[in-house]
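Here is a friendly walk through one protein structure. Keep the 3D view open as you read and follow along residue by residue.

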Amino acid sequence: MSIEVKNLLKVYGDQKAVNNISFKVNKGEIVGFLGPNGAGKSTTMKIITGYLEQTGGSAYVCGQNISENPLEAKKKIGYLAELNALYYEMYVREYLRFITELHGIRNKKTKVEEVIALTGLTVESKKKIGQLSKGYKQRVGLAAALIHDPEVLILDEPTSGLDPNQIIEIRDVIKNQGLNKTVLFSSHILQEVEAICDRVIIINKGEIVADDKLSNLRNRSSSNVVKVNFKEPVDNNLLQNLSEATSARSDEANNWLFETDNPEQLRKQILELSLQHNLNIVSLQSESKSLEDVFRSLTQKAE
Ligand code: ADP
């Protein structure tokens, strides 16, 4: 097991930022840690990497308890923090050499050149870090996280704030690293996770609401959405509380989207209601939920 989190708890004042969560990441897996802003992703990652003390529970990296053996555990980890703090006055090579010294790496020059090539930094490698674009600064952060060849990579929102081209480039670096490392990376964007990995842990309000392969999450989304388009606006009160619907929402164009465990009964209920109240239905159809809908329903449940 490369990462193991057991009953992890972090309390700030009266808020449980991380509420008794447990999960495992196997050797060689790339796992997406997905959740809306404020869900508890960074807090969890800071605890796993030993930058923050938990209130309860434990975290292990390659079998080492991060609280009991922080030095041993940290040797195994490459960490890209959400706020990728870099020394802007340093040159790229100078900074990476400094990181090799922190790690006590012997073949410093070779290692620096290796990670520069690996992260696609070569063309910008003669500049000061402060002169680089955000995408290249992120590559420097990744290079620093990779330089001691860690077994486990923990990346906190590695593509946040990058433009679409930079996002694709950083994703490729992560995917390549995933070939021989264990990677846990966080994101609040579902598409991001879909593009990089096949297993996802979804966290919401400090609690894990799903831990599964994306393909299984897709299967959960079997045909349980009913879409109705009405000719005219319909009174919200009529449609908000249908007994067969678990949720209902509408848009400006008189489209209503219902979630249900029983699409057939719900369709019947909508038709009966429309007859009673003289509502003109333009179209009514059942369809599969998208993965986006699954994510949304998992992370909006308690609101
Ligand atoms: P995420 O990374 O998923 O966006 P965080 O782990 O950063 O979420 O934050 C989880 C929750 O904990 C948020 O509500 C945040 O405001 C709160 N939080 C994080 N750090 C602190 C702190 N140092 N003091 C108080 N509350 C905090």
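## Charges over rings

Let's start with a lysine: Lys74 lies over the face of Tyr51, at 5.1 Å from the ring centre. Before going further, please keep in mind that this is a predicted model.

Arg139 has its charged end over the ring of Tyr136, and the distance to the ring centre is 4.6 Å.

## Aromatic pairs

How many aromatic pairs does a search of the whole structure find? The search gives six aromatic pairs. One of them is made by Phe23 and Phe33, whose ring centres are 5.6 Å apart. Their planes meet at 45 degrees, so this pair is tilted: an edge-to-face pair would need an angle over 60, and a stacked pair one under 30. Phe23 belongs to strand E2 (residues 15-25) and Phe33 to strand E3 (residues 30-34), so the pair links distant parts of the chain, 10 residues apart.

Now turn to Tyr87 and Phe98. The centres of their rings are 6.0 Å apart and the planes stand at 75 degrees, so this pair is edge-to-face. Tyr87 is in the loop between strand E6 (77-80) and helix H3 (92-103), whereas Phe98 is in helix H3 itself, so the pair ties together parts that are 11 residues apart in sequence. Tyr87 is partly exposed, with 49% relative accessible area, and Phe98 also counts as partly exposed, at 26%.

Where the domains meet, 15 residues of domain 1 and nine residues of domain 2 take part in the contact.

The size of an interface is often given as the accessible area lost when the parts come together. Here, about 910 Å² is buried between domain 1 and domain 2, and carbon and sulfur atoms give 68% of that area. Which residues of domain 1 lose the most area to domain 2? They are Leu190, Leu217 and Arg218, which together make up 46% of what that side buries. If you are looking for salt bridges between domain 1 and domain 2, the count is zero.

## Residues in strands and a helix

Ser58 is part of strand E4 (residues 56-61). With a relative accessible area of 16%, Ser58 is buried, because the cut-off for that label is under 20%. Setting aside residues up to four places away in sequence, Ser58 touches Glu4, Val5, Lys6, Leu8 and Asn65.

Lys109 sits in helix H4 (residues 108-118). Is Lys109 buried or exposed? Its relative accessibility is 62%, so Lys109 counts as exposed. The C-alpha atoms of Lys109 and Leu96 are separated by 9.5 Å, with the two residues 13 apart along the chain.

For Gln285, look at strand E14 (residues 281-287). Gln285 counts as partly exposed, at 39% relative accessibility. Which residues is Gln285 in contact with, leaving aside its neighbours within four places in sequence? The partners are Val225, Val226 and Lys227. From Gln285 to Lys227, the C-alpha distance is 5.3 Å, although the two are 58 residues apart in sequence.

## Positive phi in two loops

Glu157 has a phi near 45 degrees, a positive value in a residue other than glycine. The loop that holds Glu157 runs between strand E7 (152-155) and helix H6 (164-177). Glu157 is buried, with a relative accessible area of 8%.

Lys205 has a phi near 50 degrees, again a positive value in a residue other than glycine. You will find Lys205 in the loop between strand E9 (199-204) and strand E10 (207-213). At 43% relative accessibility, Lys205 is partly exposed, whereas Glu157 is buried.

Notes
Residues are numbered from 1 along each chain as its sequence is written. This is a predicted model: local features need pLDDT of at least 70, side-chain atom pairs count only at pLDDT 80 or more; totals for chains, interfaces and linings use all residues. Side-chain values use heavy atoms; hydrogens and water are left out. Rings of Phe, Tyr and Trp (its six-membered ring) pair if their centres lie within 6.5 Å; planes under 30 degrees apart count as stacked, over 60 as edge-to-face and the rest as tilted. Helices (H or I, at least four residues) and strands (E, at least two) are DSSP runs, numbered from the N terminus. Buried means under 20% relative accessible area, exposed over 50%, partly exposed in between (1.4 Å probe, protein chains only). A charge sits over a ring if NZ of Lys or CZ of Arg is within 6 Å of the ring centre and within 35 degrees of the ring normal. Contact means heavy atoms within 4.5 Å. Buried area is the accessible area (1.4 Å probe) that two parts lose on being put together, summed over both. A salt bridge is a side-chain nitrogen of Lys or Arg within 4 Å of a carboxyl oxygen of Asp or Glu.
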